[in-house]
Amino acid sequence: MSFLSKLLGIGAVAGATVAAMKVSEKYKQNNPDGLDSDGDGKVDVNDVVTEVTKAATEVYNDASEKAKDVAASAKQKAGELYEQAPEMLEKVKKTAKDAFNSVTNGEPEAPADEEPPKTEE
């Protein structure tokens, strides 16, 4: 197994563990006393399955809403950065040109096929 596939496997296990813990917490929150959810007079496997299903649905919906919010925020931020890109590019060009001029004292760069001018020492 490659390193990346092992890493992805560990991530999947960790994600599943977190999800299971969230469902467990939500189940305890929704049903603290083990109430009879189907009304048959006893708390049995059907009640637990029903309540765990409800808890898992709530956890999924919460996670889905958070993911949608994060995606919308990321899309908005990407749009802002895209709009600012030309201005940032011009600033980078100016800074690079200023840095080049400060190093070369404003002398133009010699073409690659010519020898640079020799300075007298």
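A residue is termed buried when its relative accessible area is under 20%. By this criterion, buried residues account for 6% of the 121 residues in the protein chain of this predicted model. The protein chain contains two helices and zero strands. It exposes about 10400 Å², of which 61% is supplied by carbon and sulfur atoms. Of the contacts in the protein chain between residues at least 6 apart in sequence, 40% link residues at least 24 apart.

Helix α1 covers residues 3-30 and includes Phe 3. Phe 3 has a relative accessible area of 65%; because exposure is assigned to values over 50%, Phe 3 is classed as exposed. Together with Leu 4, Leu 7 and Leu 8, Phe 3 forms a nonpolar patch on the surface, and the accessible area of these residues together is about 460 Å². In general, residues three or four places apart in an α-helix point the same way, because there are 3.6 residues a turn.

Helix α2 spans residues 45-104. The buried residues of α2 are Asp 47, Glu 51, Ala 55 and Val 59, and the packing partner of these buried residues is α1. Elsewhere in α2, a kink of about 45° is located at Ala 85, shortly before the proline Pro 86. Just after α2, Asn 105 adopts a positive phi of about 55°.

Key:
Residues numbered from 1 in each chain as written. Predicted model: local features only at pLDDT ≥ 70, side-chain atom pairs only at ≥ 80, totals over all residues. Heavy atoms only, no water. Bend = angle between axes of the 7 residues up to and from the residue. Helix = DSSP H or I, 4+ residues; strand = E, 2+ residues; numbered from the N terminus. Buried < 20%, exposed > 50% of the residue type's maximum accessible area, 1.4 Å probe, protein only. Contact = heavy atoms within 4.5 Å. Areas by Shrake-Rupley, 256 points an atom, 1.4 Å probe, with all protein chains shown as cover. Patch = residues over 30% accessible without salt bridge, like charges linked within 9 Å, V, L, I, M, F, W, Y side chains within 5 Å. Salt bridge = Lys/Arg side-chain N within 4 Å of Asp/Glu carboxyl O.
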